[in-house]
Amino acid sequence: MKYLIRTYGCQMNVRDSEAVGALLDAAGHERVAEERDAELVIVNSCTVRDMAERKAIGKCGNLIAMKEGRGKGGETGKVKVVGLMGCAVKRMGADVFKSLPGLDFAVGPRRFGLIPRLVERCLAGERRILEVPDADEVPTGLDAHPDTSRGQSGFACFQSYVTVLLGCDNRCSYCIVPDVRGHEYSRPAREVVAEVAALASRGVREVCLLGQSVLRYGMRNKAWTEADAPSPGGYTEAFPRLLEALNGIDGLARIRFTSAHPKGCTDELVRAYREFPKACRHLHLPVQSGSDRVLAEMGRHYTRAEYLAAIAKLRAFDPEFAITTDIIVGYPGETEADFEETRSLMEEAGFDNAFVFKYSPRPGTRSAALPDDVPTEEKERRDQVLLADQQRRGLARNQKLIGTVREVLLEGPSLRNAARWSGRDSGNRIVVFEPTRKLAIGELVQVKITEAHPQILVGELA
Ligand code: SAH
Ligand code: SF4
């Protein structure tokens with residue numbers, strides 16, 4: 001069948017969609033680019049915030065309307081089967097068919113490997129098939145080993161996501177992720193190394209290792225076993241040891257990973273950064289709030305001072321080390337004073353970039369029992385204040401890089417201005433420049449920075 005997967009949400013969803021795409025390809029289905037050409041459409045959903053879930057469910061509703069010949073503006077596609085996968089399915093359970101009566105199948109995390117069989121069953125006439133994992137289901141098959149190294153290329157042909165840690169055990173008060181993604185499960189290191197080596201042999205230059213709290217790799221279940229050769233550098237922690245193994249892979253130029261928790265910023269991690277040049281000088285380290293009171297309520301298990309100490313460690317060995325973050329504004333009971341502490345923390349931390357989210361209560365989480373008492377307009381105001389601060393701060397930080405030479409991995413012509421090329425430096429900063437010679441996607445070039453903007457650097461080929 002001609003199929004298409006529409007993906008909402010985080011990088012892990014992108015990765016899951018790729019893995020499912022690889023399975024569907026192997027089962028003889030054919031990927032198409034346009035919805036109107038697709039006979040099978042799968043929507044990969046997110047539920048981390050209410051709005052994210054509504055987008056995916058709304059999309060699914062439109063596709064079902066098309067399937068049933070009631071498409072907007074008389075739209076008629078070829079779609080025969082509509083499926084929903086991902087986090088929203090786990091949250092909604094059987095209720096998903098109340099919202100979407102025409103849905104053919106719904107499958108939650110850790111059961112994605114079943115999708116080709118579910119498609120077969122739908123083609124045989126079954127409808128409304130529900131596959132929801134138990135809270136502590138051990139992933140098997142594709143879900144435990146989402147190796148797509150022989151399937152679809154990553155988010156670009158020379159970059160690939162690699163899921164290393166599934167689930168989350170942190171249980172932050174506001175967060176639904178542990179409920180929908182289950183307990184932590186670390187893939188065996190040997191398997192991750194083999195997958196990255198296979199990707200590199202196919203021309204992938206950059207991998208991004210994924211996990212909700214990726215530095216907890218190998219903590220709940222062992223990632224390295226006695227059968228693995230000991231770490232040459234004497235690393236005892238599983239994640240730095242993984243970096244050591246990946247750094248040795250020929251052809252691979254860069255290793256990124258996300259997201260991180262400050263508790264994972266250990267001395268061994270810092271040593272790994274220092275010793276392994278392929279590890280990119282960037283960490284996405286969500287802080288959520290600058291107020292110790294709010295951090296404690298959120299169950300984040302660090303204070304403002306501990307957070308700042310973690311980033312100081314990273315910048316001590318490289319002052320240009322890029323730190324990006326996530327912030328939640330309008331958490332229940334967040335006062336103006338709490339908010340001002342977030343503002344001042346962001347200034348002290350000197351973030352290179354920040355994603356600001358307006359608090360949204362999620363069913364079943366601890367904070368959902370608290371009154372959502374910061375008015376919507378006030379959340380919006382706090383959001384805007386932080387974004388304006390960050391624009392200014394981003395510009396100031398980027399201005400300090402004028403005159404420096406950045407090593408840039410080329411992603412291709414810039415989306416905004418095709419006369420320029422674009423890529424990223426080790427700190428994940430976007431760098432654009434005029435291509436004064438023939439260039440190839442995936443090439444590493446040196447660019448001298450001449451101009452700074454809040455979100456991009458402009459330069460010339462050095
Ligand atoms: N595992 C990652 C975060 C995954 S969710 C980590 O802890 O680093 C991505 C971001 O969504 C979070 O960092 C948080 O800022 C935001 N988020 C999560 N739950 C939210 C909620 N209920 N309301 C608003 N934002 C939320
Ligand atoms: Fe959610 Fe916290 Fe786990 Fe991140 S670490 S996924 S915010 S519970």
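# Briefing: strands, ligand shell and salt bridges

Leu40 stands opposite Val81 in strand S4; helices (H or I, at least four residues) and strands (E, at least two) are DSSP runs, numbered from the N terminus. The structure is a predicted model, in which local features need pLDDT of at least 70 and side-chain atom pairs count only at pLDDT 80 or more, whereas totals for chains, interfaces and linings use all residues. Residues are numbered from 1 along each chain as its sequence is written, chains are lettered from A and ligands numbered from 1 in the order in which they are written, and side-chain values use heavy atoms, with hydrogens and water left out.

- Strand S3 covers residues 40-45, and six of its six residues are buried (under 20% relative accessible area, with exposed over 50% and partly exposed in between; 1.4 Å probe, protein chains only).
- In a regular strand the side chains alternate between the two faces of the sheet.
- On one side of S3 the buried residues are Leu40, Ile42 and Asn44, and on the other they are Val41, Val43 and Ser45.
- S3 pairs with strand S1 (residues 2-7) in the parallel sense over five bridges; two strands pair if DSSP finds at least two bridges between them.
- Within this pairing, Ile5 stands opposite Ile42 in S3.
- S3 is also joined to strand S4 (residues 81-86) by six bridges, and these two strands run parallel.

**The closed barrel**

- Five strands form a closed barrel in the order S15-S16-S17-S19-S18, and their pairing is mixed.
- From one strand to the next the twist averages 50°, where axes are lines fitted to C-alpha atoms (for helices over the stretch in contact) and angles run from 0 to 180 degrees between N-to-C directions.
- Strand S18 (residues 444-452) and strand S19 (residues 456-461) run antiparallel and are joined by five bridges.
- Lys448 stands opposite Glu460 in S19.

**The shell around ligand 2**

- Cys168, Asn170, Arg171, Cys172, Tyr174, Cys175, Val177, Pro178, Gln212 and Arg300 surround ligand 2; a residue is near a molecule or strand if one of its heavy atoms lies within 4 Å of it.
- This shell divides into six nonpolar, two polar and two charged residues (Ala, Val, Leu, Ile, Met, Phe, Trp, Tyr, Cys and Pro count as nonpolar, Asp, Glu, Lys and Arg as charged, and the others, Gly among them, as polar).

**Salt bridges**

- The whole structure holds 54 salt bridges, each being a side-chain nitrogen of Lys or Arg within 4 Å of a carboxyl oxygen of Asp or Glu.
- Glu53 and Arg362 meet through their side chains in one of these salt bridges, at 3.4 Å from N to O.
- This pair links distant parts of the chain, 309 residues apart: Glu53 belongs to helix H2 (residues 50-67), and Arg362 to the loop between strand S14 (353-358) and helix H14 (376-399).
- Both Glu53 and Arg362 are buried.
- A salt bridge also joins the side chains of Glu380 and Lys358, at 2.6 Å from N to O.
- Because Glu380 lies in helix H14 and Lys358 in strand S14, the pair ties together parts that are 22 residues apart in sequence.
- Glu380 is partly exposed at a relative accessible area of 32%, and Lys358 is partly exposed at 33%.
- The side chains of Glu378 and Arg382 form a salt bridge of 2.7 Å, N to O.
- Glu378 and Arg382 are separated by about one helical turn because they are four residues apart in helix H14.
- Glu378 is buried, with a relative accessible area of 18%, and Arg382 is buried at 5%.
- A network of salt bridges links Arg315, Glu320, Asp352, Arg397, Arg406, Asp425 and Arg429.

- Glu268 is placed in helix H10 (residues 267-275) and counts as buried at 12% relative accessibility.
- Leaving aside neighbours within four places in sequence, Glu268 is in contact with Gly234, Tyr235, Thr236, Glu237 and Pro240 (heavy atoms within 4.5 Å).
- Glu268 and Pro178 are 90 residues apart along the chain, and their C-alpha atoms are separated by 27 Å.
- Cys122 is placed in helix H5 (residues 115-123) and counts as buried at 2% relative accessibility.
- Not counting residues up to four places away in sequence, Cys122 touches Val81, Asp104, Phe105, Arg127 and Ile129.
- From C-alpha to C-alpha, Cys122 and Asp104 are 6.7 Å apart in space, and they are 18 residues apart in sequence.
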